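Trainee: I'd like to learn how to read a structure, one feature at a time. Please give me the general idea first and then the case at hand.

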Amino acid sequence: MTDKVIEFPKHKVVRDVPGEVLEERARRADKKMADAIVEELTSIIITELDNYHVEVEEKSFAKDIVLVVDALRATVYRQFGFEHHLHEFIEKNISIIAKEEMADWENMTDEQWQEKLKEYVEKKERLDKDTEK
């Protein structure tokens, strides 16, 4: 009776996929999505700049747009939870100023600006030293 065994078709076998593999596939899909967003937005930006008669064929434009696209990629990657080499630079060098605080800055004299700038530089130096530790 054992000589008439019918083998189940292998292409119909459903295997459990480990969670790590599923997570990796999801991360790759997210990365593709993030890159697709950046690609689409880059195309739109360049097209719109061209519509405004910006010389998008010039070599200097190409150099400048690379920085814009890289910053855009850093922004999108952060939203998807991916690392980007600009994140550290952004954290160290970009500060968000509240709208209320900005109103105070608009009415400052040159001396007040110099004092604020000095305070900012000192604060940044302290933060940089703390980061190095």
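Mentor: Let's start with contact, which means heavy atoms within 4.5 Å. Leaving aside neighbours within four places in sequence, threonine 42 is in contact with Val69 and Leu72. Before we go on, this is a predicted model, where local features need pLDDT of at least 70 and side-chain atom pairs count only at pLDDT 80 or more, while totals for chains, interfaces and linings use all residues. Residues are numbered from 1 along each chain as its sequence is written, and side-chain values use heavy atoms, with hydrogens and water left out.

Trainee: What is the mean pLDDT of the protein?

Mentor: pLDDT is the predictor's confidence in each residue, from 0 to 100. Here the mean is 87, and 95% of the residues reach 70 or more. Helices and strands are DSSP runs (H or I, at least four residues, for helices; E, at least two, for strands), numbered from the N terminus. Among the elements, helix α2 (residues 59-80) has the highest mean pLDDT, 96, and helix α4 (residues 99-106) has the lowest, 72.

Trainee: Back to threonine 42, then. Is it buried or exposed?

Mentor: The rule goes by relative accessible area with a 1.4 Å probe, counting protein chains only: buried is under 20%, exposed is over 50%, and partly exposed is in between. Threonine 42 sits in helix α1, and its relative accessible area is 15%, so it's buried. Histidine 87 is another one to look up, this time in helix α3. Its 9% relative accessibility makes histidine 87 buried too. Not counting residues up to four places away in sequence, histidine 87 touches Ala74, Arg78 and Phe82.

Trainee: Which residues make up the largest nonpolar core?

Mentor: A nonpolar core is a set of buried Ala, Val, Leu, Ile, Met, Phe, Trp, Tyr and Cys residues joined through side-chain atoms within 4.5 Å. The largest one here has ten residues: Ala34, Val38, Val56, Phe61, Ile65, Val69, Leu72, Val76, Tyr77 and Phe82.

Trainee: How many salt bridges does a search of the whole structure find?

Mentor: Side chains of opposite charge can pair when their charged atoms come close. The cut-off is a side-chain nitrogen of Lys or Arg within 4 Å of a carboxyl oxygen of Asp or Glu. The search finds four. One of them joins arginine 28 and glutamate 24, at 3.5 Å from N to O. Both lie in helix α1, four residues apart, about one turn of the helix.

Trainee: Which residue does arginine 73 pair with?

Mentor: Aspartate 35, with the closest N and O atoms 3.1 Å apart. Arginine 73 is in helix α2 and aspartate 35 in helix α1, so this pair ties together parts that are 38 residues apart in sequence. Arginine 73, at 24% relative accessibility, is partly exposed, and so is aspartate 35, at 26%.

Trainee: What about arginine 78, which residue is its partner?

Mentor: Glutamate 91, again with the closest N and O atoms 3.1 Å apart. The pair links distant parts of the chain, 13 residues apart, with arginine 78 in helix α2 and glutamate 91 in helix α3 (residues 86-93). Arginine 78 is partly exposed at 36%, whereas glutamate 91 is exposed at 55%.

Trainee: Last one, on the backbone: what is phi of histidine 53 near?

Mentor: Near 65°, a positive value in a residue other than glycine. Histidine 53 is in the loop between α1 and α2, and with a relative accessible area of 68% histidine 53 is exposed.
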